[in-house]
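These are my notebook entries on one structure. I record what I looked up, entry by entry.

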Amino acid sequence: MPAQVHQFLCQTDNFGVLVHDSETGATAAIDVPDAAPYLAALAGKGWTLTDILITHRHGDHIDGVPALRTQFPKAKLHIPAREAERIVPTTGPADALLSEGDRVTIGALGAEVIETPGHTAGHIVYFFPVENLLFAGDTLFALGCGRVFETSMTVMWESLVKLASLPGETRVYCGHEYTQANGRFALTVDGTNTLLVDRMREVDAHRAEGRFTLPTTLALELATNPFLRAKNPQVQASVGLPGADPAAVFGALRERKNKA
Ligand SMILES: [Zn+2]
């Protein structure tokens, strides 16, 4: 398989991810909370960094970029166009400013840029259609979604709807290992969903062994992630909004999770 993905922890609960094209040797970092774990991962794999792909402007996704660039000065930096003013002061100049529909090439691999405003106003995600890989940053998490800091709930819901339309077999990598806490909340609003109950049993077992719960798949999220299930009658009833507009149900879920 030409695309290899290597996932590892950065800081406490951020993920670092490397995407490697074995055909050309090109290797991309997806967000860089901290350079040291990336340098260790690259050295361990014997890979040379060629590209850095940023999803959004938060420090725990970009703070490691300068130190990583010092070690790999030829690596191209790709960032969301709408957040460039807030990212470049930390990272230095970018090689590509990305918007909806733009394409990023990592050796022989190609990613499509999808804008997903909500967590931040300029958040983007990277979808590799041939490999069915999605790097969702802080928009979609396993059994959860990012906090909505910079847009209305409706805008974030529309971003999640976009991701939900990708193929079910898409493997989803996220910015954080939050699955267990997300799942505990999910059970409070969708506790009769047997797929969710079964999944949480697996998540608890994985975490007890210190294993990651990611990647997930879009099909699994559609079946068990309450933030993608705002049209489901049981989820709607749990927030007292039976039959309501899914964006409103999503907003109520997100507000409730914020207080959980
Ligand atoms: Zn963030």
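**Entry 1: helix 6 and helix 7.** I began with helix 6 (residues 179-190) and helix 7 (residues 194-208), whose axes come within 10 Å and cross at roughly 155°. Axes here are lines fitted to C-alpha atoms, for helices over the stretch in contact, and angles run from 0 to 180 degrees between N-to-C directions. Helices (H or I, at least four residues) and strands (E, at least two) are DSSP runs, numbered from the N terminus. I noted the basis of the model: it is predicted, local features need pLDDT of at least 70, side-chain atom pairs count only at pLDDT 80 or more, and totals for chains, interfaces and linings use all residues. Residues are numbered from 1 along each chain as its sequence is written.

Angles under 35 degrees count as roughly parallel, over 145 as roughly antiparallel, 65 to 115 as roughly perpendicular and the rest as oblique. Helix 6 and helix 7 are therefore roughly antiparallel. I recorded their crossing as left-handed; the term applies if the near helix is turned anticlockwise from the far one by less than a right angle, and clockwise is right-handed.

Which residues of helix 6 meet helix 7? I listed Thr179, Gln180, Gly183, Ala186, Leu187 and Asp190 in helix 6, against Leu196, Met200, Val203, Asp204 and Arg207 in helix 7. Contact requires C-beta atoms, placed from the backbone, to lie within 7 Å. The contact of helix 6 with helix 7 holds five nonpolar, three polar and three charged residues. In this scheme Ala, Val, Leu, Ile, Met, Phe, Trp, Tyr, Cys and Pro are nonpolar, Asp, Glu, Lys and Arg are charged, and the others, Gly among them, are polar.

**Entry 2: helix 5 and helix 10.** I then turned to helix 5 (residues 153-164) and helix 10 (residues 246-259), which pack at about 105° with their axes 9 Å apart. Helix 5 and helix 10 are therefore roughly perpendicular. Met153, Thr154 and Trp157 of helix 5 make the contact with Pro246, Ala247, Phe250, Gly251 and Arg254 of helix 10. I sorted the residues of this contact into five nonpolar, two polar and one charged.

Entry 3: Six strands form an open sheet in the order 1-2-3-4-5-6, with mixed pairing. Strands count as paired if DSSP finds at least two bridges between them. Strand 1 (3-10) and strand 6 (96-98) are the edge strands, each pairing on one side only. Neighbouring strands of this sheet are turned by 20° against each other on average, direction ignored. Helix 1 packs on the sheet and touches strand 1, strand 2 (14-21) and strand 3, its direction making about 140° with that of strand 1. Strand 3 runs parallel to strand 4 (residues 51-53), joined by three bridges, and alanine 29 stands opposite isoleucine 52 in strand 4.

Strand 9 and strand 10 form a hairpin with four residues between them, and asparagine 132 in the turn has a positive phi of about 55°.

**Entry 4: backbone exceptions.** Most residues other than glycine have a negative phi, and most peptide bonds are trans. Aspartate 31 has phi near 60° and lies in the loop between strand 3 (27-30) and helix 1 (35-45). Aspartate 31 counts as buried because it has 27 C-beta neighbours inside 10 Å. I noted the peptide bond from leucine 214 to proline 215 as cis, with omega near 5°; proline 215 lies in the loop between helix 7 and strand 14.

How values were computed
Two residues are in contact if their C-beta atoms, placed from the backbone, lie within 7 Å. A residue is buried if 20 or more other C-beta atoms lie within 10 Å of its own, exposed if 12 or fewer, and partly exposed in between; C-beta atoms are placed from the backbone.
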